[in-house]
Amino acid sequence: MSRILSGIRPTGGLHIGNYLGAVKQWVELSQEPDSECFFMIADYHALLSFRETPLDQATYDLLAWELASGLDPNQVTLFVQSFIPAHTELAWIFNALATVPELSRMTQYKDLIAHGLEQPSSALLTYPLLQAADILLYKADFVPVGEDQVQHIELTRTIARRFNKQVGIEIFPEPKPRLTDGGYILSLHDPTKKMSKSMPQGALLLEDDEATLRAKISKAVTDTGLDQAEMPDMSQSNETLSLEEKALLYQHMSPGVRNLFILLEQTTTDPHIVNVLLENYKTHTLQYRDLKAALADSVVPFILPLQEKYQEIRSDESRLQTILREGSAKAEEIANQTLQEAKRAFHLAS
Ligand code: AQP
């Protein structure tokens, strides 16, 4: 049995990147035999970001999207981080094991400072230790994450080793990152950045109506078209592109165009359309408006049924509260057991 733990911060409306890069893959993981999944709503981590929606409402919204996407509370444990004090308690012990220089070396922290953040909160520096506690309390084997989180999982492994060495008992197993398939979906507005909840103008939000989705796609940044002229000369047009040819074309595309193709591939029910448009790209005859029209026609029927399920689920807030209370109670039992083991190993009086 493999134990899997992952989480999302309730920082705003979920976008298609969160869905394809996290929630959809969680549903698949939860259906794998021998997997035991814990999915956390990371509300304490959300404190570090700007939020428009109050946290409690954003928590219910996020749970409703998770259920609408197919997560089954009878199969997986869905819980709220702040319901379980063991997370912050263990994080405090880890604060005593980590050094300020090693936390300051975390790329995400360094990037924020490099981008001019002058007064970082102490939580911004230490939140990877709360992440370590989130994971180690459940002795997770695998943590599905995006690339930018791999360094934090490495830190979690270091903390686990350091703790075990200090107490002389193997309390914490070292978790492994499990990279989410397909990499990041990029912002439609600025394809040098990933699609993010905090930049909704470049994000296809699961809550956007059809007109908004179509408008965002039609305004998506592509390129000036000049790149196509420099494309390597490839073999003549044929019915189906080989995987190598496709990879070469994707390599050649500007990030914005590649992003639109990736979104199309991941949402369409008609793989033929992707091949036709790739062929057009290859032969320098692709009109980006055709690519955008195909993407809009694919994304709208992909998202609207999710919205219908979401509306129904979200309207019953007391059911959502019950799911979170029950899931959190189940998670808390495991978390408390691990915390007690850790405290005993540290010779804290009980
Ligand atoms: N653009 C993306 N493409 C694919 N996967 C993505 N994820 C986030 N953005 C993309 C995955 O979604 C999960 C939730 O992440 P999170 O909410 O905890 O933090 P985040 O990565 O900071 O998400 P956002 O959307 O960018 O939110 P804000 O704007 O609040 O920072 C993770 O599994 C992540 O990999």
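A salt bridge is a side-chain nitrogen of Lys or Arg within 4 Å of a carboxyl oxygen of Asp or Glu. In this structure, D297 and R214 form such a salt bridge, with their closest N and O atoms 3.0 Å apart. The structure is a predicted model, in which local features need pLDDT of at least 70 and side-chain atom pairs count only at pLDDT 80 or more, while totals for chains, interfaces and linings use all residues. Residues are numbered from 1 along each chain as its sequence is written, and side-chain values use heavy atoms, with hydrogens and water left out.

The D297 and R214 pair links distant parts of the chain, since D297 belongs to helix α13 and R214 to helix α9 (residues 210-218), 83 residues apart. Helices (H or I, at least four residues) and strands (E, at least two) are DSSP runs, numbered from the N terminus.

A search of the whole structure finds 18 salt bridges. One of them joins the side chains of R162 and E102, at 2.6 Å from N to O. Here again distant parts of the chain are linked: R162 sits in helix α8 (residues 150-167) and E102 in helix α5 (residues 100-104), 60 residues apart. R162 is partly exposed, with a relative accessible area of 28%, whereas E102, at 10%, counts as buried. Salt bridges can also form a network, as they do in linking E154, R157, R161 and E174.

Attention now turns to the strands. Two strands pair if DSSP finds at least two bridges between them. Strand β1 (residues 2-8) and strand β2 run parallel and are joined by seven bridges; I8 has I41 in β2 as its bridge partner. On to the next pairing: β2 and strand β3 (residues 77-80) run parallel and are joined by four bridges, and F38 stands opposite T77 in β3. Six of the seven residues of strand β2 (residues 35-41) are buried, so this strand is largely enclosed by the rest of the structure.

Strands β1 and β2 are also connected by side chains. E36 forms a salt bridge with R3, the closest N and O atoms being 3.0 Å apart. E36 lies in strand β2 and R3 in strand β1, 33 residues apart, so the pair links distant parts of the chain. E36 counts as partly exposed at 26% relative accessibility, while R3 counts as buried at 19%. In the loop between α1 and β2 lies D34, which has a positive phi of about 65 degrees although it is not a glycine. D34 is exposed, with a relative accessible area of 55%.

What of the interior? In soluble globular proteins, nonpolar side chains tend to be buried together. A nonpolar core is a set of buried Ala, Val, Leu, Ile, Met, Phe, Trp, Tyr and Cys residues joined through side-chain atoms within 4.5 Å. The largest nonpolar core of this model has 63 residues, and those with the most contacts inside it are L204, F261 and L291. Helix α13 (residues 288-314) supplies the largest share of this core, eleven residues. A second, separate core has 43 residues, including M106, Y138, V143 and V145. Contact means heavy atoms within 4.5 Å. Q149 is found in the loop between β4 (142-145) and α8 and is buried, with a relative accessible area of 15%. Leaving aside neighbours within four places in sequence, Q149 is in contact with Q108, Y127 and Q131. H347 lies in the segment after α14 (317-345), where H347 has a positive phi of about 60 degrees although it is not a glycine. At 72% relative accessibility, H347 counts as exposed.

Key. Buried < 20%, exposed > 50% of the residue type's maximum accessible area, 1.4 Å probe, protein only.
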